[in-house]
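Please open the structure in your viewer and keep the selection panel at hand.

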Amino acid sequence: MRKKCHVILVWLSIACFSCIVAAAHADEIRETVFDVSPQRCVTLRQGQPCFVRVHFEWQSTEILDLCVYGLTNEKLKCWTSSSGGSTVLPQTLPGTTEYILINSEGVELNRATVAVSWVYRKKRSKRRWRLF
């Protein structure tokens, strides 16, 4: 009798674990994938803005109305009744910039970042004292 109860508990545990994994997988399937490229922009000197053409691409299992927002919540591009989309936009990045994918209800679906780096550090100005 005791062995039977133990076997039943093991099977119930496996069944519950399977349900949890299936639910987690269903949430992942509904997730909206959002990619930007390049993921890094390089300037010559520290502090200079980075000029780059950013490729935005998103994909979802659902039909959505959404927009990509950039620096200072600026709306860059919108799609209506679509399950995916892509665009290339010229950008001037003052520093590392985060892009946000937001649906028509204002819910944030995903984020992507373009990091800005530089080749040379900003030169410190030398103070030269002159008498005349």
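Which cysteine does a disulfide join to Cys-67? Select Cys-67 and Cys-78: a disulfide (a pair of cysteine sulfur atoms within 2.5 Å) joins them, with an S to S distance of 1.9 Å. This is a predicted model, in which local features need pLDDT of at least 70 and side-chain atom pairs count only at pLDDT 80 or more, while totals for chains, interfaces and linings use all residues. Residues are numbered from 1 along each chain as its sequence is written, and side-chain values use heavy atoms, with hydrogens and water left out.

**First stop: the disulfides**

Remain with Cys-67 and Cys-78. The angle about their S-S bond is 105°, and the link is right-handed. The pair links distant parts of the chain, with Cys-67 in strand β3 and Cys-78 in strand β4, eleven residues apart. Strands (E, at least two residues) are DSSP runs, numbered from the N terminus. Cys-67 is buried at a relative accessible area of 11%, whereas Cys-78 is partly exposed at 34%. Here buried means under 20% relative accessible area, exposed over 50% and partly exposed in between, with a 1.4 Å probe and protein chains only.

Next, select Cys-41 and Cys-50, which are joined by a disulfide with an S to S distance of 1.5 Å. The angle about this S-S bond is -75°, and the link is left-handed. Both Cys-41 and Cys-50 are buried. The disulfide count comes to two, and the bonded cysteines, numbered in sequence order, pair as 1-2, 3-4.

**Second stop: the nonpolar core**

Select Phe-34, Val-36, Phe-56, Val-68 and Tyr-99. These residues have the most contacts inside the largest nonpolar core, which has 20 residues. Such a core is a set of buried Ala, Val, Leu, Ile, Met, Phe, Trp, Tyr and Cys residues joined through side-chain atoms within 4.5 Å. Colour the strands: β1 (33-37), β3 (50-69), β4 (75-93), β5 and β6 each supply at least two residues of this core. Strand β3 gives the largest share, eight residues.

Now centre on Phe-34. Leaving aside neighbours within four places in sequence, Phe-34 is in contact (heavy atoms within 4.5 Å) with residues including Phe-56, Trp-58, Val-68, Tyr-99, Leu-101 and Arg-111.

From Phe-34, move to Arg-111, one of its contacts. Which residues are joined with Arg-111 into one salt-bridge network? Select Glu-98 and Glu-108 to see the network, which is formed by salt bridges that share partners. A salt bridge is a side-chain nitrogen of Lys or Arg within 4 Å of a carboxyl oxygen of Asp or Glu, and the count comes to two.

Between Glu-98 and Arg-111, the closest N and O atoms are 2.3 Å apart. Glu-98 lies in strand β5 (residues 97-103) and Arg-111 in strand β6, so this pair ties together parts that are 13 residues apart in sequence. Between Arg-111 and Glu-108, the closest N and O atoms are 2.7 Å apart. Glu-98 is partly exposed at 37% relative accessibility, Arg-111 is partly exposed at 37%, and Glu-108 is partly exposed at 40%.

**Last stop: the nonpolar patch**

Finally, show the surface and select Val-42, Leu-44, Val-119 and Tyr-120, which make a nonpolar surface patch of about 390 Å². Patches are made of residues with over 30% relative accessible area and no salt bridge; like charges are joined within 9 Å and nonpolar side chains (Val, Leu, Ile, Met, Phe, Trp, Tyr) within 5 Å. Strands β2 (40-45) and β6 (108-120) each give two or more residues to the nonpolar patch, and Val-119 lies in β6.

How values were computed: Areas by Shrake-Rupley, 256 points an atom, 1.4 Å probe, with all protein chains shown as cover. Helix = DSSP H or I, 4+ residues; strand = E, 2+ residues; numbered from the N terminus.
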